[in-house]
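Please keep the sequence and the structure in view while reading.

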Amino acid sequence: MAKTTNRTCLARLPGGELQVLGPKDLHKIDVMRSKPEHLVWLDITSPNADDLALLRDEFSVHPLALEDLEKRRQRAKLDTYAEQQMLVTYEVLEPTQKDHSYELGELHLFAGTGYIVSVRWEASPTIEEVGRRFRERPDAVARTPGTLLYTILDAAVDGYFPLLDRISERIEELEDQILAAKQTGAATLRPILDMKRELLELRRTLSPQRDVANALLRRDLPLVDDLSAPYFQDLYDHLIRVLDQLDLQRDLLASALEANLSVTSNNLNAVMKRLTAFTVILMVPTLIAGIYGMNFHFMPELSSQLGYPIALGVMAVSMVGAAVFFKRKDWF
Amino acid sequence: MAKTTNRTCLARLPGGELQVLGPKDLHKIDVMRSKPEHLVWLDITSPNADDLALLRDEFSVHPLALEDLEKRRQRAKLDTYAEQQMLVTYEVLEPTQKDHSYELGELHLFAGTGYIVSVRWEASPTIEEVGRRFRERPDAVARTPGTLLYTILDAAVDGYFPLLDRISERIEELEDQILAAKQTGAATLRPILDMKRELLELRRTLSPQRDVANALLRRDLPLVDDLSAPYFQDLYDHLIRVLDQLDLQRDLLASALEANLSVTSNNLNAVMKRLTAFTVILMVPTLIAGIYGMNFHFMPELSSQLGYPIALGVMAVSMVGAAVFFKRKDWF
Amino acid sequence: MAKTTNRTCLARLPGGELQVLGPKDLHKIDVMRSKPEHLVWLDITSPNADDLALLRDEFSVHPLALEDLEKRRQRAKLDTYAEQQMLVTYEVLEPTQKDHSYELGELHLFAGTGYIVSVRWEASPTIEEVGRRFRERPDAVARTPGTLLYTILDAAVDGYFPLLDRISERIEELEDQILAAKQTGAATLRPILDMKRELLELRRTLSPQRDVANALLRRDLPLVDDLSAPYFQDLYDHLIRVLDQLDLQRDLLASALEANLSVTSNNLNAVMKRLTAFTVILMVPTLIAGIYGMNFHFMPELSSQLGYPIALGVMAVSMVGAAVFFKRKDWF
Amino acid sequence: MAKTTNRTCLARLPGGELQVLGPKDLHKIDVMRSKPEHLVWLDITSPNADDLALLRDEFSVHPLALEDLEKRRQRAKLDTYAEQQMLVTYEVLEPTQKDHSYELGELHLFAGTGYIVSVRWEASPTIEEVGRRFRERPDAVARTPGTLLYTILDAAVDGYFPLLDRISERIEELEDQILAAKQTGAATLRPILDMKRELLELRRTLSPQRDVANALLRRDLPLVDDLSAPYFQDLYDHLIRVLDQLDLQRDLLASALEANLSVTSNNLNAVMKRLTAFTVILMVPTLIAGIYGMNFHFMPELSSQLGYPIALGVMAVSMVGAAVFFKRKDWF
Amino acid sequence: MAKTTNRTCLARLPGGELQVLGPKDLHKIDVMRSKPEHLVWLDITSPNADDLALLRDEFSVHPLALEDLEKRRQRAKLDTYAEQQMLVTYEVLEPTQKDHSYELGELHLFAGTGYIVSVRWEASPTIEEVGRRFRERPDAVARTPGTLLYTILDAAVDGYFPLLDRISERIEELEDQILAAKQTGAATLRPILDMKRELLELRRTLSPQRDVANALLRRDLPLVDDLSAPYFQDLYDHLIRVLDQLDLQRDLLASALEANLSVTSNNLNAVMKRLTAFTVILMVPTLIAGIYGMNFHFMPELSSQLGYPIALGVMAVSMVGAAVFFKRKDWF
């Protein structure tokens with residue numbers, strides 16, 4: 001396997017033997033990929049002007065597709081040119097476990113008779129993994145561009161499942177935090193809004209990928225023959241599953257948010273109720289004290305020796321009575 | 001009926017006679033299922049490597065389908081291979097009545113000329129039931145793989161109706177609890193959120209099953225001939241009914257939740273109103289007491305012998321008056 | 001017209017003459033319905049085993065359709081068998097005006113060359129009405145199974161319009177009650193939740209009926225010829241209208257509920273505001289009284305003869321002032 | 001132009017000349033409309049039994065269409081009979097500017113070879129306007145039933161735009177009122193609920209009109225030839241625009257309502273906050289007054305000559321202090 | 001390049017040479033555009049009666065399209081006439097950075113064999129830009145009406161991306177303001193409602209543009225040949241991306257609004273809770289003061305020299321105690 005800065009080229013010969021094409025052998029690509037039963041895979045990382053020229057001249061890549069390579073941030077899509085299929089898809093890059101966030105890597109794939117070109121801008125777990133397996137057992141991985149394309153796409157889709165599992169765990173955590181929370185503030189809402197934004201953006205990335213998988217199945221492409229059709233059907237099924245789970249998570253997040261609002265508003269109100277009940281409970285003895293603070297000349301209780309302790313007793317009793325009354329009514 | 005650890009094989013001979021194939025007769029399967037009017041049903045529980053090899057070699061099961069058997073947790077689907085249909089579906093396993101929850105069992109079915117293979121991982125009520133009926137009256141159950149497939153799928157779908165009835169009862173219970181509740185807390189919301197999650201997951205499981213039933217009807221499969229088409233239509237109708245009921249339950253649950261939020265918020269507010277009214281009622285006599293507690297030298301009432309009882313009377317009257325006034329205004 | 005416990009059989013002869021077939025003439029049905037231009041209508045109430053046998057033997061009703069007759073509670077549907085159409089539909093049974101509720105009656109119809117069989121389990125206003133008109137003027141009602149089928153279905157659909165009018169009135173009543181309500185409690189919410197459940201269930205019953213009407217139009221059935229197609233189009237239009245109205249009612253109910261929540265929460269809050277304003281108004285004179293209740297030796301006002309009346313005056317003025325201030329700020 | 005109570009009949013002769021057919025000439029209709037290049041337009045207001053007979057006998061109107069004329073309140077629709085198209089549509093009748101409400105007029109149109117029949121029950125702005133233009137410059141308006149039909153439908157749709165402008169203005173008014181409102185009550189909500197009901201009903205009327213316009217384009221009708229197709233496309237575009245605007249208005253109304261709820265609830269709460277702050281502010285000096293109202297024998301401050309003024313000063317300072325503190329915390 | 005008040009006409013000759021047609025050369029248009037390999041681009045700003053006549057006579061523009069030019073405010077659309085395609089689309093006009101608002105410019109395009117006519121009413125960034133590039137390197141921009149049309153539409157769509165970026169920034173700003181806000185009032189809600197209205201109107205403008213792009217692809221137009229199809233596919237993809245982002249923004253705005261409501265309601269309630277707790281804290285010492293203000297003759301504490309300081313101490317301790325208690329319970 002040879003590296004010219006950023007290019008890797010592998011060729012599977014008809015017998016199943018694998019040949020690594022070094023920088024000087026690149027002129028052979030053209031010859032090899034036109035021979036029957038040869039399969040050439042060229043992988044380019046962060047293409048520069050040279051690479052774009054190579055793609056244009058050797059692989060007749062369409063100007064629009066080249067423009068897409070320069071602009072990046074494309075929607076996942078399948079563009080059908082005369083002799084070539086061009087796909088854009090996204091894979092999950094090493095997600096940082098700690099803060100539950102993720103990053104997506106863009107992947108452009110060009111498939112034609114006898115070759116696949118993959119272009120990416122980051123260290124791609126998908127390409128590394130498929131490359132490793134292809135180098136070890138080329139025949140088990142792919143004999144045609146169609147099956148190699150499937151293997152790459154399938155590895156990319158499989159990367160979403162652990163991400164979804166982490167999201168699901170994270171939402172359950174949020175749900176628990178939410179039901180336990182006493183107050184709703186920016187601190188509680190910020191992670192929910194962020195998670196919602198993540199789910200929305202993930203859906204926006206994945207939903208066109210499903211359309212691409214469907215287009216691969218429906219359009220009558222030479223790439224997808226009868227033999228490989230079940231594999232692409234499988235790919236489509238996986239994407240549907242990913243999207244189903246995503247929608248489920250979104251629904252659960254929405255429910256959790258609603259529940260949070262009502263629980264915290266309820267908690268606050270319950271505290272208010274209790275505080276106000278306290279107020280009432282304190283006002284009763286205050287009134288009694290006020291009564292015996294009146295300056296009427298003829299208030300027989302005042303001169304009684306037991307007046308004071310009895311008054312205190314009545315106050316205590318009235319407070320306890322009010323508290324018990326409120327407790328019973330569940331107002332306290 | 002013979003058991004090799006986990007395999008059961010039944011064969012219906014053309015005359016309608018049923019033959020149980022023991023472990024040593026398994027090599028006959030291949031012969032039998034290719035003969036016209038023979039119907040072989042092989043049922044495997046928790047397939048091991050041997051079983052997978054058998055499926056691959058004797059039934060030419062596609063590598064992707066074998067992979068699905070190993071991975072499990074597939075979405076319900078219908079995969080069409082050259083000579084074989086592969087179905088994944090879910091059945092309700094013995095639901096535990098007590099806590100209204102349920103468990104679903106995964107079922108993989110392979111149907112081809114003259115045979116059905118069913119694979120499952122738990123004690124399956126569906127397979128047991130259809131197996132029992134098939135052993136008793138083979139002809140009444142199925143003469144072709146198509147009708148046997150229908151019988152199994154139909155039994156699986158029928159298992160959802162009691163589950164839905166239990167869910168419906170549970171939601172009515174929740175609704176009653178909710179309208180009676182005075183407060184909304186994690187205790188009230190947790191079962192609602194759990195129920196919602198259950199309904200969402202049940203929908204996610206059933207909705208692809210409907211698509212499978214539809215695909216069986218729409219695609220021109222040899223499995224579904226003119227004679228068995230009404231049966232598959234019936235299956236499809238049942239699944240639509242199940243999903244309709246599910247959606248209805250979900251709508252009712254949502255309404256109940258909304259109603260709960262408003263009722264409890266209303267109850268809380270009503271208590272607050274009452275407590276605050278109490279405060280006002282207590283403040284009036286407190287003010288009066290305050291007035292007669294003033295130290296002005298010239299306050300004629302103070303020296304009157306009736307001053308004190310009259311003051312108390314005025315206090316009592318003012319409290320009652322305020323209470324009556326608030327009651328009339330419906331503030332109390 | 002002859003009744004064998006629960007069967008009624010009418011036959012329209014080619015000349016337009018109507019013949020009632022008694023229990024002993026039932027063997028003639030087979031002959032009559034096969035003759036051109038004969039139209040036989042057999043109506044069965046609450047079919048027993050005998051009736052099911054009759055349907056199976058004389059009308060070759062499919063086992064699945066017989067099963068449906070035994071199970072009941074089917075979704076409205078159109079099942080197409082080789083020589084026969086089987087329809088399930090629902091009609092409104094005598095609704096009890098008083099409590100605005102309704103009951104639906106299930107209707108199974110079998111249509112084939114020269115005959116219609118109707119099966120129901122209750123006194124059916126639809127069947128009675130069409131039967132009466134058919135007996136009076138057979139030709140004006142129907143000459144073919146298709147038009148008789150239309151007449152029955154049309155009468156069934158027409159029964160929904162008065163029900164919808166009652167629902168509409170009921171929702172307007174609820175809306176008025178709701179906007180007038182001061183509090184939201186189980187008493188207000190229970191009828192709304194019940195109405196919502198009714199609307200959801202009605203929609204669930206009617207929506208497949210629309211699909212049936214559409215299927216009658218779209219599928220190329222011998223039952224629906226060029227001449228009767230406009231009638232079935234009309235039926236479809238009516239069902240669309242019913243469903244449109246239903247959705248409108250549901251939207252209005254939802255708006256009314258939302259409005260209710262906000263109005264009552266608003267009312268409650270407004271009362272709270274007023275009560276709290278009362279508190280503040282009472283606290284001002286209380287403070288003044290407290291000031292003159294202080295025991296300082298040098299408080300010149302205390303010895304003034306006008307001190308007391310002036311203090312009372314200041315209290316009164318402060319209360320009125322606060323009240324006016326709050327009133328102006330719209331806080332009171 | 002002749003009027004037989006409620007009929008108006010105009011005929012465009014091949015040369016472009018216009019002839020008004022009086023009551024006695026009605027028998028000529030039959031002759032004229034069958035001649036090539038003749039175009040007859042019969043307009044009937046509030047059809048009576050005679051008119052219905054005329055329609056049935058001279059124009060072979062289908063019994064179902066006649067029934068629709070008697071029943072009225074149909075959904076907008078296009079019914080295709082053998083030789084005739086029957087359309088139901090709705091136009092805006094002179095809307096009363098003052099209370100922003102509107103009334104819709106039902107319009108039934110019958111189109112066949114050489115004629116258009118229009119039936120309505122009120123003074124129709126659409127029919128009057130098109131009639132006036134047709135009488136002035138028949139050729140500029142229509143030479144075929146198709147273009148005359150388009151002209152009538154187009155005039156009817158154009159009548160919705162001023163209505164939508166008024167609704168849009170009304171909603172902006174409501175929005176302004178809503179954001180300015182301090183309280184939400186039946187007075188604020190009633191017009192919003194009414195507006196919502198209006199929008200829902202308008203949508204329910206217009207949405208089938210769009211389907212009719214689409215059906216005119218899609219179905220291969222002799223009425224809509226290549227030459228007039230762009231006109232019907234234009235009609236369809238207008239209806240889409242009307243519906244788009246309607247949905248936009250509905251969304252804005254919903255947002256406005258939500259905003260209103262939150263603003264008024266916020267206002268109420270802010271008042272509560274302020275009132276409660278007042279309470280606290282008043283309680284501080286009350287406590288101080290209470291302290292100096294205690295009857296302890298040894299309270300040095302009491303005998304100080306400056307005690308009283310200092311106490312009053314402390315009270316004032318404490319009140320101002322609390323007010324400032326609350327103001328800073330934005331609690332007041 | 002010649003300007004007759006408001007017309008600019010550029011012609012690309014077969015050799016690739018560009019010719020500017022002055023007002024006197026306009027009669028040549030007709031000749032040129034019919035010659036093979038000629039491409040004429042006529043651009044008109046704010047068309048007057050003369051321009052409309054020119055369009056009608058020289059370009060056979062359909063009366064309906066002319067009417068659209070006079071009426072303006074059309075929905076984006078593609079009208080197919082016999083020899084001509086007519087498109088209406090909208091571009092973003094120089095958006096004023098300051099207040100985040102934007103203005104859209106209407107663009108009518110007519111495309112036929114050998115020519116494009118563009119009509120607009122404002123200084124159009126799209127037309128200026130494409131015009132500049134076309135004058136500089138005609139061949140790089142377009143050789144056929146189809147590619148020129150694509151170039152114009154693509155430039156128009158590209159103008160939406162910076163607008164969307166600004167909207168996205170603005171919504172993030174709003175989100176931050178919202179989560180930080182303590183109160184919800186017209187001041188907070190007005191910009192949200194305005195932003196929502198903007199997004200709704202933008203969607204209403206863009207959604208038919210996507211339909212136009214799709215129609216260009218799907219309908220079998222001579223304008224869009226195999227060579228230019230990928231370009232129109234690209235245009236369609238861009239519009240889908242714009243709409244996707246728009247929907248995402250709308251979802252985020254809705255979430256932000258909901259979050260705002262709950263945060264501010266929560267803040268208000270938390271303040272209420274704290275204020276009410278203050279009330280309770282002040283009531284405890286008030287009660288104590290009331291007790292020692294009572295006039296009982298036998299109150300031993302009163303004559304104690306330490307009575308007063310101890311009473312003050314108890315008051316202080318009770319206040320601190322209550323505050324600590326409430327703090328612990330998180331009520332304060």
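## Contacts between chains

The side chains of A:E175 and B:R190 come together in a salt bridge, with a distance of 3.1 Å from N to O. The model in which this pair is found is a predicted one, and the values that follow are computed from it.

The pair belongs to the interface of chain A and chain B, across which the rule finds 7 salt bridges. Another salt bridge joins B:R197 to A:E172, where the closest N and O atoms are 3.6 Å apart. This pair crosses between chains, since B:R197 sits in helix α8 (residues 186-218) of chain B while A:E172 sits in helix α7 of chain A. Across the interface of chain A and chain B there are also 10 residue pairs in polar contact, both residues being at pLDDT 80 or more.

Which elements of chain A give two or more residues to the side that touches chain B? They are α6 (145-158), α7 (160-180), α9 (229-292), α10 (300-303) and α11 (307-328) of chain A. Of these, α9(A) gives the most, with 33 residues. Sorted by class, the residues on the side of chain A that touches chain B divide into 26 nonpolar, 13 polar and 13 charged.

As for the extent of the contact, 52 residues come from chain A and 56 residues from chain B. Together the two chains bury about 4800 Å², and 65% of this lies on carbon and sulfur atoms. Three residues, A:F296, A:F298 and A:W331, supply 14% of the area that chain A buries against chain B, which is more than any other three residues supply.

## Chain B against chain C

On the side of chain B that touches chain C, at least two residues each are supplied by α6 (145-158), α7 (160-180), α9 (229-292), α10 (300-303) and α11 (307-328) of chain B. The largest share of that side, 33 residues, comes from α9(B). Its composition by class is 26 nonpolar, 13 polar and 13 charged residues.

The contact takes 52 residues from chain B and 56 residues from chain C. About 4900 Å² is buried between the two chains, with 65% of it on carbon and sulfur atoms. Here B:F296, B:F298 and B:W331 supply 13% of the area that chain B buries against chain C, more than any other three residues.

| Salt bridge | N to O distance |
|---|---|
| A:E175 and B:R190 | 3.1 Å |
| B:R197 and A:E172 | 3.6 Å |

Chain A and chain D do not touch, and their nearest C-alpha atoms are 9 Å apart. Chain B and chain D likewise do not touch, with nearest C-alpha atoms 9 Å apart.

## Two helices within chain D

Two packed helices are described by the angle between their axes and the distance between the axes. In chain D, the axes of helix α7 (residues 160-180) and helix α9 (residues 229-292) come within 9 Å and cross at roughly 10 degrees. Angles under 35 degrees count as roughly parallel, and α7(D) and α9(D) are therefore roughly parallel to each other.

The residues that make this contact include D:F161, D:L164 and D:I167 of α7(D), together with D:V242, D:L246 and D:L253 of α9(D). By class, the contact of α7(D) with α9(D) has 15 nonpolar, 5 polar and 2 charged residues.

Definitions and conventions
Residues numbered from 1 in each chain as written. Chains lettered and ligands numbered in written order. Predicted model: local features only at pLDDT ≥ 70, side-chain atom pairs only at ≥ 80, totals over all residues. Heavy atoms only, no water. Contact = heavy atoms within 4.5 Å. Buried area = accessible area lost by both parts, 1.4 Å probe. Helix = DSSP H or I, 4+ residues; strand = E, 2+ residues; numbered from the N terminus. Nonpolar A, V, L, I, M, F, W, Y, C, P; charged D, E, K, R; others polar. Axes fitted to C-alpha atoms, helices over the stretch in contact; angles between N-to-C directions. Parallel < 35°, antiparallel > 145°, perpendicular 65-115°, else oblique. Salt bridge = Lys/Arg side-chain N within 4 Å of Asp/Glu carboxyl O. Polar contact = N/O pair within 3.5 Å; in protein donor to acceptor, adjacent residues only side chain to side chain.
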